Amino acid sequence: MSVLGCAQEYRAVIHWRGGGRPYTSPAISSLTSVSWGRSLNDISEASITVAKSGAGPECCAQLGAIHPWVHELTIYRDRDLVWQGPVSAVVESRDSIRIDALDVIAWLGRTVNTTLLRYVTANADAAGRRRGPVQWIAEHIIRTNLTSALSVPPDYPGMLNYIVRQDGPTTRFEMDGESNTSVWSAFLLTVMEELAKRGLEYTTVGRTLLLRGAADEKTPAQARLGLADIAGDVEVIRDGASAATHGWATTQRANQIDDGRTAGWGATGTPYGRLDWLVTSETDADDAELLAMAQEARRGRYPAPIGISIPSGSRLAATAPVTIQQLVAGERIDVSTAGYCMETVQAFRVGDVEVSWGSSGEQVAVSLVPATSLGGE
């Protein structure tokens, strides 16, 4: 049985933008701390600290010439590349240099969309736009923007060869104004957030950008963890704040409600009474889209979800039956709470992974969120 284990060593390499051409690599002996993570539908962060006393004059000069966005940080756990992305800041103190970085999703947060977002027809238009899986739509928007005339050279972040999709059902998406010809001037990450309302999930593993849908109770589990696999006091919470019996989606605006549409989906006559959950679409969604958004808004909220809280500082035990390769944001992990009053075996998804390494060794912490399907009432 494969287990998480504990890293024997960490290495860090600074690459030029794109992650292929090395720039410099601090000596392992000068690397005093490493942290990195994986996040679901968000940008993950990483950081290394290098002791100046162990770096040497030549390495120190190279580290001092690192520039955000020009260079990238790559982190290796033993022999495996586990994290890569552009440097965001370089901080020097008397004794050390700290290099902070963001994963490749950060490029989408600094790129303004310049293409028409109109994915409504069955057949592709001249620009290749059509209805399709939300994951395909996301990749097409990213690819079109990163190969436009403003992208010199094309795909300047080096992302396009590292996109992996797991496509879901076909959908439509438009953000083109009443004229159907307006370009939405928003960061690509904002566009991704809007697509997430239609079922898109995104995360990174190393340099790879994963575009897929949500894991649910039908998705095969990567592993099953027990309470002994989690070091620290685990709390099991039945969360009323996240409960809802009915999901609602609307296109109404606070200052203009006449032209808006609203759709609802859920159950009535429940033991909870009526608990509504409302989301607002920034696009001109039709009735079918709004219904799908309402269903997505209610997903996992009825009955009141059971969640697991891992307090700050808790970590997975080295003997936990899951590998670092399986700890990917969005993946399903089953958890057994045998021995608790709220005893259950439940499917969860990895929300975030936070890994730190230093003089006290490696600590791997995760947050878990319920993995539920729409189900029926």
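The dialogue below treats helices, strands and nonpolar cores in turn.

Modeller: Please keep in mind throughout that this is a predicted model.

Colleague: What span does helix α1 have between its end C-alpha atoms?

Modeller: Helix α1 (residues 52-64) spans only 11 Å, whereas a straight helix of 13 residues would span 18 Å. There is also a kink of about 85° in α1, centred on glutamate 58.

Colleague: Which residues of α1 are buried?

Modeller: The general idea comes first. An α-helix has 3.6 residues a turn, so residues three or four places apart point the same way. In α1, the residues Ala55, Cys59 and Leu63 are buried. The buried residues of this helix pack against the strands β2 (22-24), β4 (45-51), β6 (80-92) and β7 (96-102).

Colleague: How many residues of α2 are buried?

Modeller: Helix α2 is mostly covered, with eleven of its 13 residues buried. Among them are Trp136, Ile137, Ile141 and Leu146, but also Gln135, Glu139, His140 and Asn145.

Colleague: I turn now to strands. Which strands pair with β24?

Modeller: Strand β3 (residues 31-39) pairs with β24 in the antiparallel sense over six bridges, and in this pairing tryptophan 36 stands opposite valine 355. Strand β23 (residues 332-336) is also antiparallel to β24, over five bridges; here aspartate 334 stands opposite alanine 347. Ten bridges join β24 to the antiparallel strand β25 (residues 361-370), where glutamate 354 of β24 faces alanine 365 of β25. Strands β24 and β25 form a hairpin with two residues between them.

Colleague: Is β24 mostly covered, or mostly uncovered?

Modeller: In a regular strand the side chains alternate between the two faces of the sheet. In the present case, β24 is mostly covered, and ten of its 14 residues are buried.

Colleague: How should I describe the sheet that contains β18, β19 and β20?

Modeller: One gives the order of the strands and the sense of their pairing. This is an open sheet of three strands in the order β19-β18-β20, with mixed pairing. Its edge strands are β19 (262-266) and β20 (276-280), each of which pairs on one side only. The twist averages 20° from one strand to the next. Strand β18 (residues 246-250) and β19 are antiparallel over five bridges, and alanine 249 has alanine 263 of β19 as its bridge partner. Helix α4 (residues 287-298) packs on this sheet and touches β18, β19 and β20; its direction makes about 40° with that of β19.

Colleague: Finally, which residues touch the most other members of the largest nonpolar core?

Modeller: In soluble globular proteins, nonpolar side chains tend to be buried together. The largest nonpolar core here has 44 residues, and those that touch the most other members are Trp36, Ile48, Leu73, Ile75, Leu316 and Leu327. Strand β24 (residues 345-358) supplies the largest share of this core, five residues. Leaving aside its neighbours within four places in sequence, leucine 327 is in contact with Leu4, Arg38, Leu316, Val322, Val353, Val364 and Val366. A second, separate core of 30 residues includes Ile105, Tyr156, Phe173 and Met175.

Key. Residues numbered from 1 in each chain as written. Predicted model: local features only at pLDDT ≥ 70, side-chain atom pairs only at ≥ 80, totals over all residues. Heavy atoms only, no water. Pairing = 2+ DSSP bridges. Helix = DSSP H or I, 4+ residues; strand = E, 2+ residues; numbered from the N terminus. Axes fitted to C-alpha atoms, helices over the stretch in contact; angles between N-to-C directions. Contact = heavy atoms within 4.5 Å. Core = buried A, V, L, I, M, F, W, Y, C linked by side-chain atoms within 4.5 Å. Buried < 20%, exposed > 50% of the residue type's maximum accessible area, 1.4 Å probe, protein only. Expected span 1.5 Å × (residues − 1). Bend = angle between axes of the 7 residues up to and from the residue.
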